[in-house]
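User: I'd like to learn how to read aromatic ring pairs in a model. Can you walk me through it?

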Amino acid sequence: RFIVLEHDKVIVGGAALYPFPDERAGGLACLVVDPDFRNLGAGERLLTEIEARARRMKLKRLFVLTTRAEHWFVERGFAEAGVDSLPGEKRQLYNYQRRSVVLVKRL
């Protein structure tokens, strides 16, 4: 589920894709980039690879839950959606106390 981005044999970023094939959706999780590699395209490379993997799995949409980076995802084609847009299994686990924003991108 996880991919990592390396530079000189050091991990500088990573992300995960959790597929929900019955609903043709995938959850992007744990996208993280070392601060020294931000603004250098590392996040975009990780997102591009996650999107490619989701498409190969025939998924039609990618969603992410975030409490801090909403603007970054919106700038890359995600749009705010309600909790009801999550796959059923994920919707049941949604933690309302965290107040995560649900963002969705059509693939």
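User: Which residues do ring pairs link into a cluster?

Analyst: Ring pairs link W72, F73 and F78 into a cluster here. Rings of Phe, Tyr and Trp (its six-membered ring) pair if their centres lie within 6.5 Å; planes under 30 degrees apart count as stacked, over 60 as edge-to-face and the rest as tilted. Keep in mind that this is a predicted model: local features need pLDDT of at least 70, side-chain atom pairs count only at pLDDT 80 or more, and totals for chains, interfaces and linings use all residues. Residues are numbered from 1 along each chain as its sequence is written, and side-chain values use heavy atoms, leaving out hydrogens and water.

User: How many aromatic pairs does the structure hold?

Analyst: There are 5 aromatic pairs. Take F20 and F63: their ring centres sit 5.8 Å apart with the planes at 45 degrees, so that pair is tilted. It ties together distant parts of the chain, with F20 in strand 2 and F63 in strand 4, 43 residues apart. Strands here are DSSP runs (E, at least two residues), numbered from the N terminus.

User: What about F73 and F78, what kind of pair do they form?

Analyst: An edge-to-face one, at 5.4 Å centre to centre and 80 degrees between the planes.

User: And are F20 and F63 buried or exposed?

Analyst: Buried means under 20% relative accessible area, exposed over 50%, partly exposed in between (1.4 Å probe, protein chains only). F20 has 14%, so F20 is buried; F63 has 3%, so F63 is buried too. F73 and F78 are both buried as well.

Notes: Helix = DSSP H or I, 4+ residues; strand = E, 2+ residues; numbered from the N terminus.
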